[in-house]
Amino acid sequence: MNQLLINTKVTKGHIRKEIQGHFSEHLGRCIYGGLYVGENSEIPNENGMRKDVVQALRDVQLPVLRWPGGCFADEYHWKDGVGPKETRKKMVNTHWGGVTEDNSFGTHEFFELCRQIGCETYITGNVGSGTVQEMNEWVEYMTFDGISPMADWRKQHGHEAPWTVDFFGVGNEPWGCGGNMTAEYYANEYRRYQTYIRQYRKDAKIKKIAAGPNADDYKWTETLMKNAGKMMDGLSLHYYTVPHDWKHKGSALGFTREDYYETLKKTLFMEELLSRHGAIMDQYDPEKKVGLIVDEWGTWFDVEEGTNPGFLYQQNTMRDAMVAALNLNIFNKHCDRVHMANIAQLVNVLQALILTEGPDMILTPTYFVFKLFKDHQENELLDSHLLAPDFTEGKFTLPSIQESCSIAPDGTVHVTLVNPSLDEIQDLDIQTQGLSPRHVVGRMVTGNMDDHNTFDQPDAVEDQPFVSFTVKPDGLAVSLPPCSVVHLAIK
């Protein structure tokens, strides 16, 4: 019998809500048509933001949103996206499809979107093709409450009060699309640029995020922490789950059992990445003041047939749901170092929570996983120990069960469990040391590996009640269906 031992009296870290963060880039139909349709659209909107999408994001308690990129951030000049929309400068989105960007969604619109969602803001600044002055003036425009050229300009554009910028990323992927820099060169650039991200508001400090490594580039982390670690609040990490390789990523639909297990095996590499990058950071920051910010993660498959290859539109199945759950559990377990994570991306791009077509909207299996996990936000990670053997499918060995456990301020214990097997039910004996369960509520997301929602069948996958458990004086006996994610709230 598999066993999970939870010590409800011992905590191991704080699970920041930002671990369940999100990412929106000017890429494909993420912004235009996905989040923003304009004030004159027939699609129901508030100040141009889709009401259906905003409500769905509120329901999942979206905590923080990263914008405007991504690779797009390092060719984005913020002054082109403010002022009267009819006079805003148009630009070519050279990274994503070569389409014309009309800049109708800019700084004011982003803050309006975040206001409607009720989430924190994470701005990524332009280092690759921008200047220190440009970044400095953007911060002044957004956050200065007084008389200055940029604050006055903001007021002329209709927003009297400053906004709150919670996080500011100094460039994006400088090792690649953000400038093809060396680690040493970017470290110096980071030191220079961050100097001019002024803290105009004493009541709302901007947390500065340095652009960190691509996957397992441990030298990049070493160089950044050594040369600039004392000047940052966070260091980013990017890792995408690609089943085969970057040239042959495979399809989001019509995949095999082997593809399924290979995808899950690849996504579990996140555990090693967090451990090894975290160990390097510990050498320079033993108090863990600098957060590891996993601000791009998720699946990356071939685009759907018939769509613009630069738009990165892919369907979303139970395989994606499993990837999301495995990563969210890993982030919870590393919450002492992981302060934020942002899945890529929010709508219509890569591992999206939401897909839209004109006025229609569907929620993906990944969305429902985030819905299961939202009760972990701002909880304390509990000490837990899982006794469950691994299993092997072909050439891939995976954990038969994966979990994370937390305790809420009201004393409720939240447990999220993943059974990655496509065939085997996993029985699990949960012992809640220090708590005699009186009331338990379960929810789950489950299905066949390629089950997904379409605009013709929007409810094929959704969260549903989970009742396959028995309450005992010292815990629970649980039976996990194959290919499932389960959330238990135990009181």
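This is a predicted model: local features need pLDDT of at least 70, side-chain atom pairs count only at pLDDT 80 or more; totals for chains, interfaces and linings use all residues.
Now go to β1, residues 2-15. On one hand, β1 runs parallel to β21, residues 426-433, and six bridges join the two. On the other, β1 runs antiparallel to β16, residues 379-387, with nine bridges. Look at Leu4 in the model. Leu4 faces Ile430 in β21, and Leu4 also faces Leu386 in β16.

Next, β19 and β20. These are residues 402-407 and 413-419, antiparallel, joined by six bridges. Ile407 has Val413 in β20 as its bridge partner.

On to a helix pair. α1 is residues 51-59 and α2 is residues 107-117. Their axes come within 9 Å and cross at roughly 55°. That makes α1 oblique to α2. Who meets whom? From α1, Val54, Leu57 and Arg58; from α2, Leu113, Gln116 and Ile117. By class, this contact has four nonpolar residues, one polar and one charged.

Last topic: cysteines. How many disulfides does the count give? One. Cys71 is joined to Cys177, S to S 2.1 Å. The torsion about that S-S bond is about -90°, so the disulfide is left-handed. The pair links distant parts of the chain, 106 residues apart. Cys71 sits in the loop between β5 and β6; Cys177 sits in the loop between β9 and α5. Buried or exposed? Cys71 counts as buried, at 11% relative accessibility. Cys177 counts as partly exposed, at 27%.

Now Cys119. Its closest cysteine sulfur is in Cys114, at 3.7 Å, too far for a bond, because a disulfide needs the sulfurs within 2.5 Å. Cys119 is buried, with a relative accessible area of 13%. Cys335 is in no disulfide either; the nearest cysteine sulfur, that of Cys405, is 12 Å away. Cys335 counts as buried, at 1% relative accessibility.

Key
Residues are numbered from 1 along each chain as its sequence is written. Side-chain values use heavy atoms; hydrogens and water are left out. Two strands pair if DSSP finds at least two bridges between them. Helices (H or I, at least four residues) and strands (E, at least two) are DSSP runs, numbered from the N terminus. Axes are lines fitted to C-alpha atoms, for helices over the stretch in contact, and angles run from 0 to 180 degrees between N-to-C directions. Angles under 35 degrees count as roughly parallel, over 145 as roughly antiparallel, 65 to 115 as roughly perpendicular and the rest as oblique. Contact means heavy atoms within 4.5 Å. Ala, Val, Leu, Ile, Met, Phe, Trp, Tyr, Cys and Pro count as nonpolar, Asp, Glu, Lys and Arg as charged, and the others, Gly among them, as polar. Buried means under 20% relative accessible area, exposed over 50%, partly exposed in between (1.4 Å probe, protein chains only).
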